[in-house]
Amino acid sequence: MGSEEKQKKPIATMVWVIALLTAIAFAIAGFFPEITHSGTKSGNVAVIPVHGVILSNGDSYFDEQATSSSEIVQFIEDAEDDPSIRAMVFDINSPGGSAVASQEVADAVQKSTKPTVAWIRDSGTSGAFWVATAADKVVANPMSITGSIGVTASYLQFSGLLQDYNVSYEVLTAGRLKEVGSPFKALTQEERKLFQEQLDELHTYFIQAIAANRNLSEAMVRDYATGMFFLGSKAKELGFVDVLGGKDEVKQILERQLKTNVTFFTYEREVSLFDILSRVMGKQSFSLGRGIGNGIAETNRNSKVEVRA
Amino acid sequence: MPRKKGLDLPGERVVAGPAQVWKRLGAFLVDMLILDFTVLLPFQKVLGKLLPVNDGFGKMFESLLANEGLAGKLMTLSVAMSIFMVLYFAILEFKIRTTPGKYLFKISVQGYDPELKFWQAVVRSLFLVPLFPFFLLWLLDPLFWLLDPLFLIFSKSSQRLSEIFSKTRTVELYRVN
């Protein structure tokens, strides 16, 4: 009997320790990031920030480095479902981002049944410009940087570095072009051409979307779709922007349309302890990576001097 | 009173000696499996939200490249997970000198002194933390992961490096006639 009890005791301890740790782990995992709104909801117009690079699975930090399209779409849907929200303002200060992520946001803006106004601040270019044109009205400062209707694709290609370090890259593929875009090999002429065709298609899609959103001709938009940015004043002249101004002008537009006083409520993600820790660790990892990268670059500089025209 | 016949040899004795490596490995795998389905489960769900873990290595690599802040999040998550792993081993070994895996393979933990202190239980499992305190040791950590079990094979006392630091050993009972 005594020996049975002794045998049962460790098992009982194991069970409660594992159960306790699992419960604590579940509680702590609950603190990991979820999209929530901060502040006391008091306004009747939702201000949805589109700050930083727009990515489909991005990280929205309080220093506004990048923003996630899922998060923005979630905010739009929340504002749409909230009967106390009468309209949405998109506070844009972004250089654009992923084409898919930008389109996701632009689609959500267009689907909204409530009045929408895009307010371009310092910059609203490329994908962010796409988002802005999806709104009912676009307001920009005369000095805002807008436009940049173009598509770019880039990636780091390490084949030269591998050669320098006498490392070979072996890969087996079925499908002639399966390895297109691999960072370990240079592009062939054929691959480059195919890539370019895809980009051109994407560019056309971008142009058509802007033209449709702003009710302009595709040919006219294409003329200005060189990838070059233009100031807010030029954008107004071309018909890409409705009103030159800032928050006051946004307010005036909405008050005129809604026939009521407008008070803004900003949708933001709550910054959790996890975000703060992640940011600190991210910066450490970045610094570490930069240190290693600089070390390699230094080695390369010392071993091989290249002059490019 | 009947007289005992034959030789009066000492009876069977039980002595604690270093646990065999295969048993230690088996015990560790069982513990990791248990951890995977219990304590680490909520973190794996968070990980699934952060990374496309089911879409292959290529997609995960792309995600990492596309998201500047993701590395920091993954690091925070891995630290949180490893803290729970350390707690699992430390609490159980401190309380009952064993873990489910070790119990299954009939091995246990001993300190040099009869009493095993909590710090000893923590230190012997610290190798599970990917970084402590910060990135300088994070650089050294993979080296430590390699060194720690290598010590087990090459040290005379069959101890891992962190067992030497914590003044503990993993033992099994041997019957000696």
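# Close-up views of a predicted two-chain model

With 8 C-beta neighbours inside 10 Å, A:Asn215 counts as exposed. This residue belongs to a predicted model, and its surroundings are taken up again in one of the legends below.

**View 1. Confidence across the predicted complex.** The predictor assigns the complex an ipTM of 0.81 and a pTM of 0.53. Chain A averages a pLDDT of 82, and 78% of its residues score at least 70. Over residues 60-64 of chain A the pLDDT is below 50, and this stretch has eleven contacts in the model beyond near neighbours in sequence. The pLDDT is also below 50 over residues 299-309 of chain A, a stretch with one contact in the model beyond near neighbours in sequence. For chain B the mean pLDDT is 80, and 72% of the residues reach 70 or more. Residues 132-138 of chain B have a pLDDT below 50, with eight contacts in the model beyond near neighbours in sequence. Where pLDDT is low, the predicted coordinates should not be read in detail.

**View 2. Overall make-up of the two chains.** Chain A contains ten helices and ten strands. Of its 309 residues, 34% count as buried. Among contacts in chain A with a separation of 6 or more, 71% are accounted for by residues 24 or more positions apart. Chain B contains eight helices and three strands, which follow the pattern β-α-α-α-α-α-β-α-α-α-β along the sequence. Of the 177 residues of chain B, 32% count as buried. Residues at least 24 apart make up 68% of the contacts in chain B between residues at least 6 apart in sequence.

**View 3. Helix α2 of chain A and its packing partners.** The 13 residues of α2(A) should span 18 Å at 1.5 Å a residue, and the end C-alpha atoms are 18 Å apart, which agrees. The buried residues in α2(A) are A:Ser69, A:Glu71, A:Ile72, A:Val73, A:Phe75, A:Ile76 and A:Ala79. These buried residues pack against β1 (45-51), β2 (53-55), β3 (66-68), β4 (87-94) and α3 of chain A.

**View 4. The pairing of helices α2 and α3 in chain A.** The axes of helix α2 (residues 69-81) and helix α3 (residues 99-111) of chain A come within 9 Å and cross at roughly 5°. The two helices, α2(A) and α3(A), are therefore roughly parallel to each other. On the α2(A) side, the residues that meet α3(A) are A:Ser69, A:Ile72, A:Val73 and A:Ile76. Their counterparts in α3(A) are A:Ala101, A:Glu104, A:Val105, A:Ala108 and A:Val109.

View 5. A:Ile76 is placed in helix α2 of chain A. This residue counts as buried because it has 23 C-beta neighbours inside 10 Å, the cut-off being 20 or more. Not counting residues up to four places away in sequence, A:Ile76 touches A:Ile48, A:Met88, A:Ala108, A:Val109 and A:Ser112. A:Ile48 and A:Ile76 are 28 residues apart in sequence, and their C-alpha atoms are 7.6 Å apart in space.

**View 6. The two faces of helix α1 in chain B.** Helix α1 (residues 21-37) of chain B has 17 residues, which at 1.5 Å a residue should span 24 Å; its end C-alpha atoms are 25 Å apart, which agrees. Within α1(B), B:Arg24, B:Ala27, B:Asp31 and B:Leu35 are buried. They cover an arc of only 75° around the axis, which puts them on the same side of α1(B). An α-helix has 3.6 residues a turn, so residues three or four places apart point the same way. The face turned away from the buried side of α1(B) carries the exposed residues B:Trp22, B:Leu29, B:Leu33, B:Asp36 and B:Phe37.

**View 7. Two loop residues with positive phi.** Most residues other than glycine have a negative phi. A:Asn215, in the loop between α6 (189-214) and α7 (218-224) of chain A, has a phi near 55°, a positive value in a residue other than glycine. In chain B, B:Lys167 is found in the loop between α8 (161-166) and β3 (168-176). The phi of B:Lys167 is likewise positive, near 55°. With 17 C-beta neighbours inside 10 Å, B:Lys167 counts as partly exposed, whereas A:Asn215 counts as exposed.

Technical notes: Residues numbered from 1 in each chain as written. Chains lettered and ligands numbered in written order. Predicted model: local features only at pLDDT ≥ 70, side-chain atom pairs only at ≥ 80, totals over all residues. pLDDT = per-residue confidence, 0-100. Contact = placed C-beta atoms within 7 Å. Helix = DSSP H or I, 4+ residues; strand = E, 2+ residues; numbered from the N terminus. Expected span 1.5 Å × (residues − 1). Buried ≥ 20, exposed ≤ 12 C-beta atoms within 10 Å, placed from the backbone. Arc of directions from axis to C-beta. Axes fitted to C-alpha atoms, helices over the stretch in contact; angles between N-to-C directions. Parallel < 35°, antiparallel > 145°, perpendicular 65-115°, else oblique.
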